[in-house]
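Please look through the structure shown here, starting with its charges, then its overall build, and finally some details of its backbone.

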Amino acid sequence: MYYTGICPACEQGTLGLRICSSQLDLVILCDECDALWLSSDTSVSPVFPKQPDLPCPSCKGNLSEPPAHWAGLGEIYERGWLDCVKGMAD
């Protein structure tokens, strides 16, 4: 999982780059508290999608079940978010 940092909401989770099930949207999702950002600016307040499906606020696609997945480097590059990647976590 490529990540952008540590979650400012819970201060514990890793902020991963996630592709929703529609394969259209790239979001930042905390792997601990499910805080979500639609842009790379995590200084704004996050959205907390409804559990357990975690619908994408933009397209309503599912964020928790396949085909949703942690974004690969190519997907991040294609969407212009490469500059926000801080590293890769298991």
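This is a predicted model: local features need pLDDT of at least 70, side-chain atom pairs count only at pLDDT 80 or more; totals for chains, interfaces and linings use all residues.

The C-alpha atoms occupy a box of roughly 30 × 25 × 25 Å along the principal axes. A compact globule of 90 residues would have a radius of gyration near 12 Å, and because the protein chain has 12 Å, the two agree. Of the 90 residues, 39% count as buried, and among contacts between residues at least 6 apart in sequence, 48% join residues at least 24 apart.

The loops deserve a separate look. Most residues other than glycine have a negative phi, and most peptide bonds are trans. In the loop between β4 (36–37) and β5 (69–70), where P52 is found, the peptide bond from Q51 to P52 is cis, with omega near -5 degrees. P67 also lies in the loop between β4 and β5, and the peptide bond from P66 to P67 is cis, with omega near 15 degrees.

Q23, placed in the loop between β2 (14–19) and β3 (26–30), is not a glycine, yet has a positive phi of about 65 degrees; because its relative accessibility is 32%, Q23 counts as partly exposed. D34, in the loop between β3 and β4, has a positive phi near 65 degrees, and D34 counts as buried because its relative accessibility is 16%, where buried means under 20%.

Notes: Residues are numbered from 1 along each chain as its sequence is written. Side-chain values use heavy atoms; hydrogens and water are left out. The radius of gyration is taken over C-alpha atoms; the globule rule is 2.2 Å times the number of residues to the power 0.38. Buried means under 20% relative accessible area, exposed over 50%, partly exposed in between (1.4 Å probe, protein chains only). Contact means heavy atoms within 4.5 Å. Helices (H or I, at least four residues) and strands (E, at least two) are DSSP runs, numbered from the N terminus.
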